[in-house]
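Open the model in your viewer and keep the sequence panel beside it. The stops below say what to select and what is there.

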Amino acid sequence: MTIAKAWYVNESEGLSWRGWAAVVLVALALFLPGLSALPPIDRDEARFMQASRQMIETHRYDDIRFLDEPRHNKPPGIYWLQSAFVNAAVATGLAGPHLEETWPYRLPSLLGALLGVVLTVLLGVRLFGARAGFLAGLIFAASVLPIMEAHLAKTDSALLACVLAAQLALARLYRGEKASWPLALLFWLAMAAGVVIKGPVIVMILGLTLLALGLSERRWAWMRGLRPVVGITLLAALTVPWVLMMHANSAGGFLKSSMTEDFLAKLTQPGGWGMGVPGFHLALSWFVFWPMSLLLWLAVPWVWARRREPSVRFCLAWALPSWLVFELTATKLAHYTLPLYPALAVLAGAAAVEGWRWAKPRLSEKAWNGAVLALWGGASLTIAAAMVLVTYLMQGHQMLLPQILTGLVALMASLAAAILAMRQRAVAAVLSLTLASLVMWPLWLGVALPRLDMLWVAPRVAELVARQPTCPGSMVVSSGKSFAEPSLAFALDGRVRMADSVAQAADIFTSFPCALALVPVEDVEAFRLATQSRAGMMPEQVGQVSGFNYGRGKPVSLTLWRRPHEEVP
């Protein structure tokens with residue numbers, strides 16, 4: 001019995017309680033730091049958080065709005081989850097009544113990511129055994145994308161948990177487990193929850209998995225265990241009512257907005273990071289699944305050699321067809337492929353158990369491994385340099401201990417993992433990379449990133465506004481589009497109007513006695529002339545905030561203005 005087996009595998013070759021505890025503790029250690037310290041992230045997270053906040057404040061859980069703008073392009077599930085957790089936090093006294101803390105909104109994402117790790121382990125154990133399941137859980141938990149999504153109050157981590165729950169039911173049926181109602185119900189309930197959270201994405205992933213398995217094996221009978229007639233009826237019963245509700249509340253605009261302006265637009269109109277170029281997600285995998293992308297790519301020859309084995313075939317049927325769809329979709333964002341990475345993590349865990357041994361040793365094995373190590377090393381250097389450089393520039397050319405440590409750990413982990421991989425010590429490589437993540441990401445997310453004041457413009461604007469002796473509940477009008485970010489709405493408790501121009505901002509500012517105006521430095525003179533011509537007043541500047549608008553990728557300098565002191569009621 002090896003040392004590794006003694007602590008994470010029990011005598012019956014199942015995962016021991018120590019193994020489970022290790023995976024869960026690793027996930028929590030990576031997902032919790034920064035959960036409350038990080039301000040709302042523009043733009044999607046801030047929109048979700050503010051819309052959920054408005055639901056709670058208005059008690060209208062059937063109406064999704066960001067400020068005065070209806071959000072008819074998204075299902076309501078994530079807003080309901082966030083509202084429930086925020087209400088529970090307030091009711092128990094863990095959060096204040098003003099709904100300004102960020103962490104309760106992020107709890108659904110945290111729990112979704114944690115459940116995703118647990119389900120990844122279960123899938124790995126079911127398909128390849130306890131060792132593979134244990135390593136798969138660590139590989140998935142310690143990678144960039146799951147860690148980041150666990151910190152963001154969006155739909156993706158919750159969708160991840162739904163996809164994995166359904167795939168677990170499917171895997172158990174596929175691998176010969178007796179068909180039962182609990183398995184069928186797990187599949188259809190998870191699919192229904194995924195639809196309520198993010199629309200038809202989960203249907204595509206699960207449908208393509210079933211189609212790929214059926215076509216590759218010419219075997220369809222086992223799918224009857226899903227009880228499709230009852231299941232589809234249940235799916236419709238759980239999803240159609242909220243669709244009709246949203247359609248009625250939007251005066252018929254929900255289906256048009258969600259299907260035409262959101263779903264179909266993303267299929268056909270280039271957007272996001274990839275500019276519609278196929279292969280974008282594949283290239284990005286080196287970074288978004290770092291540092292474990294090393295293990296994914298080293299596993300490729302092992303997976304290819306065993307592609308006809310049932311467990312490998314299941315993971316490939318899960319990941320490859322949907323990955324192809326995401327590559328062909330015009331709009332490309334990094335988080336789209338999140339529900340597919342657990343399948344790759346399971347394959348990487350299984351390959352690591354065998355030390356990435358090829359079925360038939362070839363001369364090209366060394367060439368492949370060398371190329372993987374070189375590309376992964378380049379990604380590691382890029383990430384380490386970015387961590388140090390970003391914080392160095394954002395903090396006025398001052399070095400901070402956390403950023404130095406994160407950069408050094410990234411470099412040391414790269415070297416150690418490369419050495420271990422070359423020596424075929426796969427399990428040691430997994431553990432060393434996990435340890436590196438445990439040092440690096442809590443430092444970065446919990447300490448270094450929250451201290452980068454230049455990135456967090458909206459909270460600093462809110463602090464400046466709070467110091468002004470204006471009327472209670474005064475409104476702030478943001479002039480122009482240099483900082484019309486959703487985080488500003490959350491930071492100011494929704495008391496903000498986004499003006500399209502300086503002229504419009506001047507109109508709003510002069511119309512409300514208690515209004516404040518947020519004006520870019522370059523528009524100050526135009527704003528002063530506009531307010532003077534409209535109301536004959538000379539506004540007073542009361543402060544200035546400079547920073548970096550990462551939503552637009554450029555610096556921003558904002559000035560705050562109020563009416564002349566004698567005119568304020």
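Is L189 buried, partly exposed or exposed? L189 is partly exposed, with a relative accessible area of 43%, where buried means under 20% relative accessible area, exposed over 50% and partly exposed in between (1.4 Å probe, protein chains only).

Before going on, note that this is a predicted model, in which local features need pLDDT of at least 70, side-chain atom pairs count only at pLDDT 80 or more, and totals for chains, interfaces and linings use all residues. Residues are numbered from 1 along each chain as its sequence is written, and side-chain values use heavy atoms, with hydrogens and water left out.

**Stop 1: the nonpolar patch**

Stay on L189, which is placed in helix α9. Helices (H or I, at least four residues) and strands (E, at least two) are DSSP runs, numbered from the N terminus. At least two residues of the patch come from each of α9 and α11 (228-249).

**Stop 2: the cores**

Select F31, F187, W318, Y341, W356 and W441. These have the most contacts inside the largest nonpolar core, which has 141 residues. Helix α8 (residues 156-174) gives the most to this core, with 14 residues. A second, separate core of 20 residues includes A462, V556, L558 and L560. A nonpolar core is a set of buried Ala, Val, Leu, Ile, Met, Phe, Trp, Tyr and Cys residues joined through side-chain atoms within 4.5 Å.

**Stop 3: salt bridges**

A salt bridge is a side-chain nitrogen of Lys or Arg within 4 Å of a carboxyl oxygen of Asp or Glu, and by this rule there are 15. Select D156 and K198, whose side chains meet in one of them at 2.6 Å, N to O. The pair links distant parts of the chain, with D156 in helix α8 and K198 in helix α9 (residues 181-198), 42 residues apart. Both residues are buried.

Go next to R306 and E354, a salt bridge at 3.2 Å, N to O. R306 lies in the loop between α15 (300-305) and α16 (310-328) and E354 in the loop between α17 (341-353) and α18 (364-394), so the pair ties together parts 48 residues apart in sequence. R306 is buried at 14% relative accessible area, while E354 is partly exposed at 32%.

**Stop 4: the strands**

Finish on strand β9 (residues 554-562). Strand β8 (residues 540-549) pairs with β9 in the antiparallel sense over nine bridges, and N549 stands opposite K554 in β9. Two strands pair if DSSP finds at least two bridges between them. β8 and β9 form a hairpin with four residues between them, and G553 in the turn has a positive phi of about 70 degrees. Strand β7 (residues 516-520) also pairs with β9, antiparallel over four bridges; there P520 stands opposite L558.
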